[in-house]
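Please open the model in your viewer and keep the selection tool at hand. The stops below say what to select next and what is there.

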Amino acid sequence: MIIFSIAQRELRNMFNSLLSWIILSGISLVVFLILVTLVKSYLENPTNSLGGIGVTGTISSSIFYFCSYLFILIAPMLTMRSFSAEFKNKTSQLLFSAPISMTEIVLGKCLGLYLFSLITAALPVLITLSLAFGTQLDIGLYLSSLLGFILVTFTFITIGVFASSITNHIGLAAFSSIGIIIFLFWLVELLASLIKIDAIQRGLQYLSISKHASPLYNGQLNSSDLLFFILIITTFIVLTIRRLDSYRMQH
Amino acid sequence: MTGETLIQVEHLYRDYGDLHALSDVNLTLNRGEVLGFLGPNGAGKSTTMQIISGNLAPSSGRVRINGFDILDDPRQAKAALGFLPEQPPLYLELTVNEYLEYCAKLNRIPQRDITKSVVRACERCGLGKVQKRLIGNLSKGYQQRVGIAQAIIHAPDVVILDEPTVGLDPIQIREIRDLIRELGNDHSVILSTHILPEVQSTCDRVVIINNGKIALEDSLAGLDARLRKDFVTVSLINPPTIETLTALNGVDTVEQLGNGRYQLHCDDNFNSAEFAHHAVNNQWQLSELTPQTSSLEQMFIDITCSDNNTDHPQEDLTV
C-alpha cells in the first residue's frame, strides 16, 4: 500500500532529524520530574492534591493532561517540516508526478506522524505505568485519560500537517499551527464567554478541544466527544487535501 | 517519424495573474522520439513541463498522456510518465538505494520487482559505485543521474527532462547527453534546454517556444535542410537589375540590402567563382562576396529576439 510507504518514509524521516531526539529526551525528563513532584505531594497529602481521585486521578491523569499542553508546542515541531520542507526542496514534485492521489499523500504523511507521536506518547505511558510497581492503578481511568491524550495529540498533529501544507516556510508553518491549536484549544471558549448570543456561544463552545478532552481525563467516555475528535481530525485532513489540490492552481 | 502518439497537448494556456506564461501551446510526442524543447529563459519551458507532468494545472487546454487526460485520469496518465524537474527532487539524507526504492514504491512497482528496478535504473545511469552513499554527499553530476534514475525507475513510456545538464561540467554534460540518447532508444523523451548543441546532438525533433508561444516546430532533418540553405552577401558598385541576378545559375531569390548590397539565397548549384567571373565580365564592379551559413544559434536568436514580430514568427525564418 502506497499510504504505508509514505508513512514509513515520514516516520524514518523523523528519526533522521535531531529535533525529534531532543523532543523525545526532553519529554522523558519533564514527565519524570513532574511524576516525582506529584508523587511527593501525593504522599504528603493523599486526600487532595490537584482535585483528582486516587493515585491514578491525581498522578497519571494529571500527567497526561499536562502532556497534552506540552504537545501544543511539540506537535507543531514534529509536523512543521512535513509539507513545507517538501515544497521548499521541491521534492513535492516527486510526489505530485507519481501516480498517487493527494488523499494518499496526506493520509500517508499523517499516518507516519501519528505513529511517531505514539512513540512520543509511549514515554509518559511507561513512566506513569511505573506507578503500578508500588500501588494499584485504576485501569479504566488510566486508559480513558490515555485515550484523551492520544486523541488530543492526533488532533494537534493533523492541524500541524494542515498548517505545514499552507506555506513553504518551515518556521511559519510551526507558528501558524501553534496559533490554530491554541485558538481551538482555549481561545474559542474565551471567545464564547464574551459573546452573549446563545447559538453562537454554544457553537463556539462545541469547537473547544479542551472541553471535549476533559471528560476523558476524568474517566468519562462520551460518544459525542469521540465523534468530535473524529470530526475535527477528518476536517483538517480534508482541508489539507484541498490545499494540495489548489497548490497546483497557483504559484 | 510516425508512430503512436504518446503525449498530446492541445491549446494549453496558463496565466500567472496578468502574465500570460503560455498561450495556445500545442505539442505531440510520438513513441520512440526525442523531442527537444528549446527556448530562452522565461519562455515557458518549465511551465509547460510542469503542466504535462501534473505539477501545475493549466488555465485551459488539455494534456493527454497515452490517451489518458492528466486531470481526469491522473493515475493512469502519471504511470506512463517519468519526470525530472529543473531541480531534482532528491532527499539528501537518504542513500541512493533507499531513495530509488522509495521512488519505486511511489510508482506502484510491486514489492518483488523493486530490487530489480533499482538495480536496472542504477545500471543505466551509471550509479553502480555510489548506490550506498548518501545523496547529499554526491557531486552535482551524480545527483543529476539519481534524478534521471528516479524518472526511469518504473520504465515509463515518456521521460520528461527539464534542463538536465544545467550546472554540470563539460564531461558530465557529455555523459548525461549520452545517457539521454540511450534513453531515446526505448523511451520517448522530452528534453527541455536552452543549450543548442544539446538539441543537435540528441533530438529527433525540435520545438522552439518563445513568449509562451510555439515559434517553430520541425524535425532535426528539416531543420538541417533549412540551415544548409546558404546565402551569399555581395556588394556591387554598378549593379544590374534584380531580375538579372535572379536569373543566374543557382540563385533562388535576391534580397536588396541597399547601397548596392544584395543577399543571394542560393542552392547547391551556386558557385562563387562563377559569380565573380560573371561580375567581372559584365563590369558590375564586385567589391564584396561573403558566403554565409546560418547556424541553429542564428536561427534561435532570429526567432526569439523577434519580440515585436511575435504574430508572424515564421517570417523571420526565411534565412
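Where pLDDT is low, the predicted coordinates should not be read in detail.

This is a predicted model, in which local features need pLDDT of at least 70 and side-chain atom pairs count only at pLDDT 80 or more, while totals for chains, interfaces and linings use all residues. Residues are numbered from 1 along each chain as its sequence is written, and chains are lettered from A and ligands numbered from 1 in the order in which they are written.

**Chain B as a whole**

Colour chain B by confidence: its average pLDDT is 83, and 92% of the residues score at least 70. Helices (H or I, at least four residues) and strands (E, at least two) are DSSP runs, numbered from the N terminus, and chain B has 11 helices and 14 strands of this kind. Confidence in chain B is lowest in helix α8 (residues 220–228), with a mean of 72, and highest in helix α3 (residues 96–106), with 94. Along the principal axes, the C-alpha atoms of chain B fill a box of roughly 80 × 45 × 35 Å.

**The four-stranded sheet**

Next, select β2, β1, β4 and β5 of chain B, which in that order form an open sheet of 4 strands with antiparallel pairing; two strands pair if DSSP finds at least two bridges between them. β2 (19–30) and β5 (68–69) of chain B stand at the edges with a single partner strand each, so one side of each is left without a neighbour in the sheet. Strand β1 (residues 5–16) of chain B is joined to β2(B) by 8 bridges; to follow the pairing, show Gln8(B), whose bridge partner in β2(B) is Thr28(B), and then Thr5(B), which stands opposite Asn30(B). The hairpin of β1(B) and β2(B) has 2 residues between the strands, and there Gly17(B) takes a positive phi near 60°.

Now move to the open sheet of 6 strands in chain B, which has the order β6-β7-β8-β3-β9-β10 and mixed pairing. Its edge strands, β6 (81–84) and β10 (213–219) of chain B, each pair on one side only. Within this sheet, strand β3 (residues 34–38) of chain B runs parallel to strand β8 (residues 188–193) of chain B, with 5 bridges between them, and Val34(B) stands opposite Val189(B) in β8(B).

Helix α11 (residues 296–304) of chain B lies across β3, β9 and β10 of chain B, at about 35° to β9(B).

**A buried residue in a loop**

Select Leu127(B), in the loop between α4 (111–124) and α5 (140–152) of chain B. Leu127(B) counts as buried because it has 22 C-beta neighbours inside 10 Å; a residue is buried if 20 or more other C-beta atoms lie within 10 Å of its own, exposed if 12 or fewer, and partly exposed in between, with C-beta atoms placed from the backbone. Beyond four places in sequence, Leu127(B) is in contact with Val96(B), Cys122(B), Arg145(B), Val146(B) and Ala149(B).

Turn to helix α7 (residues 139–166) of chain A, where 22 of the 28 residues are buried, so α7(A) is largely enclosed by the rest of the structure.

Finally, display both chains: the contact takes 17 residues from chain A and 23 residues from chain B. On the side of chain A that touches chain B, the elements giving two or more residues are α1 (2–16) and α5 (92–96) of chain A. The buried residues of α1(A), among them Ile6(A) and Met14(A), pack against α2 (18–44), α3 (54–79), α4 (81–88) and α6 (102–129) of chain A together with α3 of chain B. For the complex, the predictor gives an ipTM of 0.86 and a pTM of 0.83.

How values were computed. Two residues are in contact if their C-beta atoms, placed from the backbone, lie within 7 Å. pLDDT is the predictor's confidence in each residue, from 0 to 100. Axes are lines fitted to C-alpha atoms, for helices over the stretch in contact, and angles run from 0 to 180 degrees between N-to-C directions.
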